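I opened the notebook to work through the contacts between the chains. The entries follow the order in which I looked things up.

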2 protein chains.
Amino acid sequence: MEEEAKMVGAAFVDHYYHLFDHDRAAVVSLYHPTSMLTFEGQKMQGGDQISAKLNQLPFDQCLHVISTVDSQPSAFAGGVIVFVSGSLRLHEEEHPLRFSQMFHLVPTGEGSYFVQNDIFRLNYG
Amino acid sequence: MEEEAKMVGAAFVDHYYHLFDHDRAAVVSLYHPTSMLTFEGQKMQGGDQISAKLNQLPFDQCLHVISTVDSQPSAFAGGVIVFVSGSLRLHEEEHPLRFSQMFHLVPTGEGSYFVQNDIFRLNYG
């Protein structure tokens with residue numbers, strides 16, 4: 001159960017940030033109508049709101065460099081909690097921005113997962 | 001639902017860190033045998049292991065100063081996900097340590113919550 005959570009978390013993190021950095025408009029496929037995103041304190045719910053937020057961020061090109069990934073099975077049957085720390089490199093910025101982000105992944109019932117909960121914060125020093 | 005999650009998260013954060021900073025041995029009361037803690041990548045499960053870890057941290061007096069608290073209802077009935085950022089001030093250290101921590105709170109069925117998932121990371125950089 002713990003090993004499975006670790007594998008799911010690692011695979012998700014690879015997939016999520018690769019998609020975000022190379023085809024951001026496609027990230028919406030990982031969210032469902034019940035999904036929640038809190039981005040720097042701002043709350044969105046559902047694929048449309050979340051997609052609008054992610055695609056309107058004030059930068060085009062970016063690269064997420066991941067430092068740590070911690071995963072645990074959640075209390076929800078088959079769910080996985082993933083906690084990520086890393087840095088976000090923007091094309092036009094010299095200094096990367098440190099961030100922390102957590103996801104609660106819930107099985108779709110079709111062998112994959114969607115993001116039920118997503119909370120993102122920049123780390124200020 | 002969202003407002004309730006916000007209230008639960010805020011009350012929990014106040015309670016948890018006050019207890020941690022003033023009576024650390026009592027924090028164990030917030031965990032159950034199924035609870036999981038990942039502390040700087042090290043995994044513990046159940047009140048005994050979690051309590052041992054928290055009480056063996058290499059500092060006695062500490063003060064958590066909270067910067068942000070983001071809460072969302074989880075997919076688990078009545079559960080609340082809480083994401084915290086802040087700094088940890090140690091008695092013997094001049095510079096506070098920045099940290100991020102997330103909790104998944106699950107109802108006990110008796111009107112309160114226990115910590116099912118807890119992931120802690122110091123923020124470096």
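**Entry 1**

I began with Asp70(B), which counts as buried at 5% relative accessibility. Buried means under 20% relative accessible area, exposed over 50%, and partly exposed in between, with a 1.4 Å probe and protein chains only. This is a predicted model: local features need pLDDT of at least 70, side-chain atom pairs count only at pLDDT 80 or more, and totals for chains, interfaces and linings use all residues. Side-chain values use heavy atoms, with hydrogens and water left out; residues are numbered from 1 along each chain as its sequence is written, and chains are lettered from A and ligands numbered from 1 in the order in which they are written.

Which residue forms a salt bridge with Asp70(B)? I found Arg121(A), with the closest N and O atoms 2.8 Å apart. A salt bridge here is a side-chain nitrogen of Lys or Arg within 4 Å of a carboxyl oxygen of Asp or Glu. Asp70(B) lies in strand E3 (residues 62-73) of chain B and Arg121(A) in strand E6 of chain A, so the pair joins two chains. Helices (H or I, at least four residues) and strands (E, at least two) are DSSP runs, numbered from the N terminus. Arg121(A) is buried too, with a relative accessible area of 13%.

I then looked up Asp70(A). Its side chain meets that of Arg121(B) in a salt bridge, 2.8 Å from N to O.

Next I took Glu2(A). Glu2(A) forms a salt bridge with Lys43(B), and the closest N and O atoms are 3.3 Å apart. The pair crosses between chains, from helix H1 (residues 2-22) of chain A to strand E2 (residues 42-45) of chain B. Is Glu2(A) buried or partly exposed? Glu2(A) counts as partly exposed, at 28% relative accessibility. Lys43(B) is partly exposed, at 36%.

Lys43(A) forms a salt bridge with Glu2(B), where the closest N and O atoms are 3.3 Å apart. Lys43(A) lies in strand E2 of chain A and Glu2(B) in helix H1 (residues 2-22) of chain B, so this pair joins two chains. Lys43(A) is partly exposed at 36%. Glu2(B) is partly exposed at 28%.

**Entry 1: the interface as a whole**

How many salt bridges does the rule find across the interface of chain A and chain B? I noted 4.

On the side of chain A that touches chain B, the elements giving two or more residues include strand E1 (31-39), strand E3 (62-73) and strand E5 (97-107) of chain A. E5(A) gives the most, with 6 residues.

In total, 31 residues of chain A are in contact with 30 residues of chain B. Contact means heavy atoms within 4.5 Å. The area buried between the chains is about 2,700 Å², of which carbon and sulfur atoms give 58%. Buried area is the accessible area (1.4 Å probe) that two parts lose on being put together, summed over both.

**Entry 2: Thr38(B)**

Thr38(B) sits in strand E1 (residues 31-39) of chain B. Thr38(B) is buried, with a relative accessible area of 2%. A polar contact of 2.8 Å joins its side chain to that of Gln72(A). Leaving aside neighbours within four places in sequence, the contacts of Thr38(B) include Asp70(A), Lys43(B) and Phe120(B).

**Entry 3: His64(A) and its chain**

I turned to chain A itself. Chain A has 2 helices and 6 strands, in the pattern α-β-β-α-β-β-β-β along the sequence. Buried residues make up 51% of its 125 residues.

His64(A) is found in strand E3 of chain A and is buried at 9% relative accessible area. Which side chain joins that of His64(A) in a polar contact of 2.7 Å? The partner is Asp21(A). Leaving aside neighbours within four places in sequence, His64(A) also has contacts with residues including Tyr17(A), Phe20(A) and Phe99(A).

Definitions and conventions: Polar contact = N/O pair within 3.5 Å; in protein donor to acceptor, adjacent residues only side chain to side chain.
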